[in-house]
Amino acid sequence: MSTVLTENLSRANSTPDAELRSRRKRIVIVGGGFAGIAAARALRKVDAEVILIDRRNHHIFQPLLYQVATAVLAPSEIATPIRQLEARQKNLSVVLAEVTGISLSGRTIEAIHPGLGLRKLGFDYLVVAAGMRPSYFGHDEFALYAPGLKSLNEAETIRTKILSAFELAESTEDDAERARQMTFVLVGAGPTGVELAASIAHMVSITLRNNFRRIDPARSRIVLVDGGNRILPTFAESLSRKVERRLARLGIEIRTGLKVEKVDEQGVVAGHDRIASATVLWTAGVAASPVVKMLGTKTDRAGRALVGPYMEIGEAGDVFVVGDATSMTQDDHPVPGVAQAAIQQGGFVGRLIANRVTGRKDGRPFRYHSKGNMAVVGKNFAILEAGRLRTSGFATWIVWTVLHVLALPQLQNRFRVQTQWFWSYLTGQRSSRLITEAPRPIDPGKQKSAP
Ligand SMILES: Cc1cc2nc3c(=O)[nH]c(=O)nc-3n(C[C@H](O)[C@H](O)[C@H](O)COP(=O)(O)OP(=O)(O)OC[C@H]3O[C@@H](n4cnc5c(N)ncnc54)[C@H](O)[C@@H]3O)c2cc1C
């Protein structure tokens with residue numbers, strides 16, 4: 001039976017079905033991303049109280065975040081209120097709150113509810129699906145100048161930075177400052193860095209064409225920096241080389257094998273070389289959400305929980321970690337931090353808990369089934385690696401387009417994204433070119449740490 005302490009969200013004690021409800025197991029899921037939603041859905045038929053807690057009221061389709069950051073799509077086109085997404089699941093309550101503490105021995109979590117303060121909530125089963133956050137490899141001060149890309153806020157910050165840079169370049173009388181405003185540095189050449197760089201390249205050469213009188217946006221400099229020896233290290237080398245050539249054709253400078261030593265208001269220092277830039281974007285590293293640390297369990301260097309074969313931590317078998325926040329190897333390879341893995345893990349744990357609640361036996365341990373890995377490089381070009389299959393080019397781009405539209409969580413998102421893409425494809429225009437906050441000089445005194 002659930003050991004609910006100070007707060008019981010169902011407030012069951014005063015209702016006629018109080019006894020019945022208090023006998024039901026309570027399953028708390030932290031995080032409404034791909035893994036958390038999949039876990040909740042797998043529990044839809046269970047006679048249990050399922051509570052999904054997220055600090056945001058919306059689920060984000062992260063694979064298209066870079067398109068919000070580059071003004072192709074509006075934030076609402078890739079995000080859906082979690083409440084609306086799961087409205088038909090009657091055993092599920094959605095709670096807007098930030099989890100700040102977990103007591104495994106007390107079987108409670110603590111969460112700050114906006115406007116209401118700290119509350120405690122008991123659980124019988126706990127599923128942590130809290131994802132990752134940008135990591136600056138011990139240099140949290142870089143966050144002030146180089147936003148990462150994990151949330152809609154960050155995507156909008158990046159969009160504002162990019163668009164403002166052209167406004168300032170148009171207005172300044174200083175040649176060096178103009179060049180600094182028109183230089184974009186992306187740190188990290190994984191899929192997100194590559195997708196962002198290519199999208200910025202199309203924006204400067206097509207979308208912004210003829211929009212300015214004193215500058216030519218097509219003369220912008222876009223630099224992709226990475227400490228590794230090649231871009232897209234999670235893809236086969238042949239695909240990575242193809243993408244390199246594609247990026248070069250778009251005018252993007254690729255600087256691999258360079259360690260970023262400093263990021264400040266003037267730009268970056270990488271490999272002892274300063275690149276003056278007003279827009280530095282961080283797509284290099286990620287670390288697990290601090291929620292994992294609250295579990296007091298073993299983690300890898302990125303703070304991800306080392307989970308057992310059933311995604312469990314500890315001995316009791318009632319606390320699980322799923323999605324990006326886990327570290328798991330399968331056949332000597334790490335299970336990748338991608339949406340498919342998160343969905344499969346969330347669904348697996350949801351079904352496992354459903355079995356346990358109803359007294360059925362556990363099935364087989366978790367196994368990840370990869371459906372392939374894709375990345376898009378601007379207009380008309382994508383790459384796909386699935387087992388031994390490696391493809392690239394226009395047909396692959398069509399496949400990428402169709403798969404991403406179908407994967408969006410709601411019909412209205414699919415319709416809106418398709419329409420925007422179609423318009424953008426035909427005209428080169430981007431419909432979300434809004435500077436919602438005027439650019440301000442950064443005050444290092446008010447430095448925030450990495451989110
Ligand atoms: C820019 C970008 C592009 C990507 N592109 C692709 C791609 O093309 N293909 C692909 O397969 N994968 C891609 N990924 C990876 C994919 O999005 C992740 O693997 C997936 O989102 C992981 O799902 P998750 O549920 O584990 O975490 P998330 O989706 O990150 O969800 C975590 C949730 O937990 C919540 N949360 C965190 N901390 C707390 C707290 N303290 N209290 C309450 N709630 C909390 C967050 O608000 C969030 O809603 C991309 C990721 C990014 C950032």
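Student: Where is Thr 401 found?

Tutor: Thr 401 is in helix α11, residues 394–407. Helices here are DSSP runs of H or I with at least four residues, strands are runs of E with at least two, and both are numbered from the N terminus. This is a predicted model: local features need pLDDT of at least 70, side-chain atom pairs count only at pLDDT 80 or more, and totals for chains, interfaces and linings use all residues. Residues are numbered from 1 along each chain as its sequence is written, and side-chain values use heavy atoms, with hydrogens and water left out.

Student: Is Thr 401 buried or exposed?

Tutor: Thr 401 counts as buried, because its relative accessibility is 17%. Buried means under 20% relative accessible area, exposed means over 50%, and partly exposed is in between (1.4 Å probe, protein chains only).

Student: What lies 2.7 Å from a polar atom of its side chain?

Tutor: The backbone oxygen of Trp 397. That is a polar contact: a pair of N or O atoms within 3.5 Å, where within protein one must be able to donate a hydrogen and the other to accept it, and residues adjacent in sequence count only if both atoms are side-chain atoms.

Student: How far is Thr 401 from Ala 375?

Tutor: Their C-alpha atoms are separated by 11 Å, and the two residues are 26 apart along the chain.

Student: Strands next. Why is β25 called largely enclosed?

Tutor: Strand β25 covers residues 382–386, and four of its five residues are buried, so the rest of the structure largely encloses it.

Student: How do β24 and β25 run?

Tutor: Antiparallel, joined by four bridges. Two strands pair if DSSP finds at least two bridges between them. Val 376 stands opposite Ala 382 in β25. The two strands make a hairpin with five residues between them, and Gly 378 in the turn has a positive phi of about 70°.

Student: And how many bridges pair β25 with β26?

Tutor: Five, again in the antiparallel sense, with β26 spanning residues 389–393. Here Ala 386 faces Leu 389 of β26. This hairpin has two residues between its strands, and Gly 387 in the turn has a positive phi of about 60°.

Student: Switching to rings. How many aromatic pairs are there?

Tutor: The structure holds 11. Rings of Phe, Tyr and Trp (its six-membered ring) pair if their centres lie within 6.5 Å; planes under 30 degrees apart count as stacked, over 60 as edge-to-face and the rest as tilted.

Student: Why is the Phe 166 and Phe 212 pair called tilted?

Tutor: Their planes are at 40°, so the pair is tilted, with centres 6.1 Å apart. Phe 166 sits in helix α5 (152–171) and Phe 212 in the loop between α7 (191–207) and β12 (221–226), so the pair ties together parts 46 residues apart in sequence. Phe 166 is buried at a relative accessible area of 1%, and Phe 212 is buried at 12%.

Student: What sort of pair do Phe 348 and Phe 366 form?

Tutor: An edge-to-face pair, 5.5 Å centre to centre with 75° between the planes. Phe 348 lies in helix α10 (339–357) and Phe 366 in the loop between α10 and β24 (373–376), so this pair links parts 18 residues apart in sequence. Both Phe 348 and Phe 366 are buried.

Student: Which residues do ring pairs link into a cluster?

Tutor: Tyr 136, Phe 137, Phe 142 and Trp 282.

Student: Now Glu 77. Where is its place?

Tutor: In the loop between α3 (65–69) and β4 (79–81). Glu 77 counts as buried, because its relative accessibility is 4%.

Student: What does its side chain make a polar contact with?

Tutor: The side chain of Gln 420, at 3.1 Å. A polar atom of the Glu 77 side chain also lies 2.8 Å from the backbone nitrogen of Ala 74.
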